[in-house]
Amino acid sequence: MTPALHLFLIVSAALFCIGLLAALSRRHAIFILIGIEMMLAAANLNFIAFWRFGPQPQPPTGVMVAIFSIAIAAAEAAVGLALVIAVYRHYRTTNVDQLNRLKG
Amino acid sequence: MNSVAFILIAILTLAAALAAASLPKLIHAALSFAVTFVGVAAFFFLLGAEFVGLVQVFVYIGAVAVLIVFTILLTRRDVGKNRGFNWGGVAIAIAVFGGLIWAILKTQPLSIAAPPIEALTVKRIGEVLMTSYVWPLQCVGLVLTAALIGALILVMNEER
């Protein structure tokens with residue numbers, strides 16, 4: 001007997017909001033990336049939970065979407081961390097509050 | 001049995017996620033981030049998607065966490081200068097959480113108990129990937145190649 005779908009959705013919502021908190025309130029660029037990865041993981045958890053509790057389609061759609069989503073998240077992490085390193089080389093900082101050259 | 005496992009994994013995952021979001025030292029946050037993804041992978045195992053759980057462990061703990069640790073080491077001179085914390089983000093996150101919980105508790109559940117399913121084998125996933133999902137698979141391959149070349153170009157030395 002697995003726990004009901006609601007519990008998985010609540011845990012996923014909590015994980016999403018913690019990721020949102022990390023992305024919005026920390027001022028370090030790497031923390032923002034960590035928050036975005038957490039939000040993506042929460043979305044994956046929702047896909048798998050809905051696949052498990054919903055009617056089963058013949059190709060396992062939820063699992064496929066989760067696998068592709070993990071691949072996209074890996075590409076996003078690689079480019080994001082490369083951007084952090086490039087920004088650090090230019091400005092000698094990774095604090096997003098100090099990257100305000102385009103501010104009017 | 002499964003309920004106990006669910007509660008334990010939920011506590012581990014959410015505590016590690018909170019630690020990753022709030023610890024002041026970057027390297028501790030990166031390690032908590034890895035623990036968070038172990039918890040998410042355990043959820044996938046609990047839900048019967050073993051292959052996705054394994055992929056999660058390989059990709060996130062094997063690659064992304066290591067990349068984050070390397071980036072922290074490369075941008076090391078900067079640590080300690082940015083301890084700023086924006087409390088507006090906490091309010092927004094709590095508001096979003098309240099809205100999501102309200103929406104989840106107000107909807108009718110799809111089904112109370114999970115329907116019994118046959119085990120999803122890697123063979124089946126491979127067949128589906130190579131037949132009905134072959135175009136998405138090629139596109140993801142292209143995206144990954146482009147992303148890795150782009151990341152290399154971004155961090156290449158500028159003085160030539």
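A residue is called buried if 20 or more other C-beta atoms lie within 10 Å of its own, exposed if 12 or fewer, and partly exposed in between, with C-beta atoms placed from the backbone. By that rule B:Leu74 is partly exposed, with 15 other C-beta atoms within 10 Å.

Welcome to the close-ups. This is a predicted model, in which local features need pLDDT of at least 70 and side-chain atom pairs count only at pLDDT 80 or more, while totals for chains, interfaces and linings use all residues. Residues are numbered from 1 along each chain as its sequence is written, and chains are lettered from A and ligands numbered from 1 in the order in which they are written.

**View 1. Chain B, helix by helix.** Chain B has six helices and zero strands, and from the N terminus on its elements run α-α-α-α-α-α. Helices (H or I, at least four residues) and strands (E, at least two) are DSSP runs, numbered from the N terminus. Of the 160 residues of chain B, 22% count as buried. Two residues are in contact if their C-beta atoms, placed from the backbone, lie within 7 Å. Among the contacts in chain B with a separation of 6 or more, 55% come from residues 24 or more positions apart.

**View 2. The two domains of chain B.** The domain assignment of chain B gives domain 1 (1-79) and domain 2 (118-160); such bounds come from an automatic or database domain assignment. Taken over C-alpha atoms, the centres of domain 1 and domain 2 of chain B are separated by 22 Å.

**View 3. B:Leu74 and a sequence partner.** Look for B:Leu74 in helix α3 of chain B. B:Leu74 and B:Gly39 are 35 residues apart in sequence and 28 Å apart in space, C-alpha to C-alpha.

**View 4. Where chain B touches chain A.** Here 73 residues of chain B are in contact with 63 residues of chain A. On the side of chain B that touches chain A, at least two residues each come from α1 (2-22), α2 (26-46), α3 (50-74), α4 (87-106), α5 (122-130) and α6 (134-155) of chain B. The most come from α3(B), which gives 11 residues. Sorted by class, this side of chain B has 56 nonpolar, 15 polar and two charged residues. In this sorting, Ala, Val, Leu, Ile, Met, Phe, Trp, Tyr, Cys and Pro count as nonpolar, Asp, Glu, Lys and Arg as charged, and the others, Gly among them, as polar.

**View 5. A pair of helices from two chains.** Helix α1 (residues 5-25) of chain A packs with α1(B) at an angle of about 10°, their axes 9 Å apart. That makes α1(A) roughly parallel to α1(B). Axes are lines fitted to C-alpha atoms, for helices over the stretch in contact, and angles run from 0 to 180 degrees between N-to-C directions. Angles under 35 degrees count as roughly parallel, over 145 as roughly antiparallel, 65 to 115 as roughly perpendicular and the rest as oblique. On the chain A side the meeting residues include A:Leu7, A:Ala14 and A:Ile18, and on the chain B side they include B:Phe6, B:Thr13 and B:Leu18. By class, the contact of α1(A) with α1(B) has 14 nonpolar, one polar and no charged residues.

**View 6. A:Val11 up close.** A:Val11 lies in helix α1 of chain A. A:Val11 is buried, with 24 other C-beta atoms within 10 Å. Leaving aside neighbours within four places in sequence, A:Val11 is in contact with B:Ala10 and B:Leu14. A:Val11 and A:Asn46 are 35 residues apart in sequence, yet 9.4 Å apart in space, C-alpha to C-alpha.

**View 7. The largest nonpolar core.** This core has 71 residues, and A:Ile34 and A:Ile48 have the most contacts inside it. A nonpolar core is a set of buried Ala, Val, Leu, Ile, Met, Phe, Trp, Tyr and Cys residues joined through C-beta atoms within 7 Å. The most residues of this core, 16, come from α2(A). Domain 1 (1-79) and domain 2 (118-160) of chain B both give residues to this core, so it lies between them. Not counting residues up to four places away in sequence, A:Ile48 touches residues of both chains, among them A:Val63, A:Ala66, B:Phe44 and B:Val52.

View 8. A:Arg92 is found in the segment after α3 of chain A. Phi of A:Arg92 is near 60°, a positive value in a residue other than glycine. Most residues other than glycine have a negative phi. A:Arg92 is exposed, with 11 other C-beta atoms within 10 Å.
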